[in-house]
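Here are some friendly notes to read beside the model. Please keep the sequence and the 3D view open as you go through the points.

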Amino acid sequence: ATPGQKGCSAWKVCPVGTRETNAGSATRDRVCTSCDGVTGYQDQSGQTRCKSIRQCTSTEYMTQRPSSSQNRGCATCTTSASCRGNEYLAGACEGTSNPYCEACHASCGSCVGPNSNQCRSCAGSLVLQGTTCISECPRGRYADSNGVCRSCDGSCYTCDGPGSRACTACSGSRYLDNARSECTTTCPSGH
């Protein structure tokens, strides 16, 4: 109490966002200092230290900026596992950005991006040539059971499957043996 006062006054309570840096005494009130809101915060009153502000992990994005009285808010980023088969994950998981699922190009069954040349599989009866979906494989290639264009055997000009016995036309001076779907260097007997 100060001279002339009849009673003592209560020490102040350090408010939210601060910490006590000097305890009160018979002649002096408590001293409170603000938490910096960068490395520390305090969400309760009457505390003697600031709490550490959390850092978002590499798989989280920030949902709430920290301050002297609140921690940083983080949430788990959307992953490609959240996307449907005909969607890809767009954007990046960083800062305040959360990636999101975006539709593939209409020709793609699955994809890695929005363009027609970013397909991993095709929609409907289209076949995959590299990363683009087309109506049929080009000459010298065939569609495998997954709808992916594969190269014909070197002896075939065109084919309908893998290996030297799936030829439908021959290149150069080779002859097609229709019975065996094979290209030979000699004309098959009976022709």
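1. Which residues form a disulfide with their sulfur atoms 1.9 Å apart? They are Cys14 and Cys32, where a disulfide is a pair of cysteine sulfur atoms within 2.5 Å. The torsion about their S-S bond is about -85°, so this disulfide is left-handed. The pair links distant parts of the chain, 18 residues apart: Cys14 sits in the segment before strand 1 (18-22) and Cys32 in strand 2 (residues 31-34). Cys14 is buried, with a relative accessible area of 1%; buried means under 20%, exposed over 50%, and partly exposed in between, using a 1.4 Å probe and protein chains only.

2. A word on the basis of these notes. This is a predicted model, in which local features need pLDDT of at least 70 and side-chain atom pairs count only at pLDDT 80 or more, while totals for chains, interfaces and linings use all residues. Residues are numbered from 1 along each chain as its sequence is written, and side-chain values use heavy atoms, leaving out hydrogens and water.

3. Now the overall form. The chain has zero helices and 18 strands; helices (H or I, at least four residues) and strands (E, at least two) are DSSP runs, numbered from the N terminus. The C-alpha atoms fill a box of roughly 130 × 25 × 20 Å along the principal axes. The radius of gyration is 36 Å, whereas a compact globule of 191 residues would have one near 16 Å; this radius is taken over C-alpha atoms, and the globule rule is 2.2 Å times the number of residues to the power 0.38. Buried residues make up 29% of the 191.

4. Back to the cysteines: the structure holds twelve disulfides. In one of them, Cys137 joins Cys149 with an S to S distance of 2.1 Å, and -95° about the bond makes the link left-handed. Cys137 lies in the loop between strand 12 (132-134) and strand 13 (141-143), and Cys149 in strand 14 (residues 149-151). Both Cys137 and Cys149 are buried. Cys104 and Cys111 form another disulfide, their sulfur atoms 2.0 Å apart, and both of these residues are buried.

5. Cys187 is partly exposed, at 42% relative accessibility.

6. Finally, look at Ser181, in the loop between strand 17 (175-177) and strand 18 (182-184). Ser181 has a positive phi of about 50° although it is not a glycine, and its relative accessible area of 27% makes it partly exposed.
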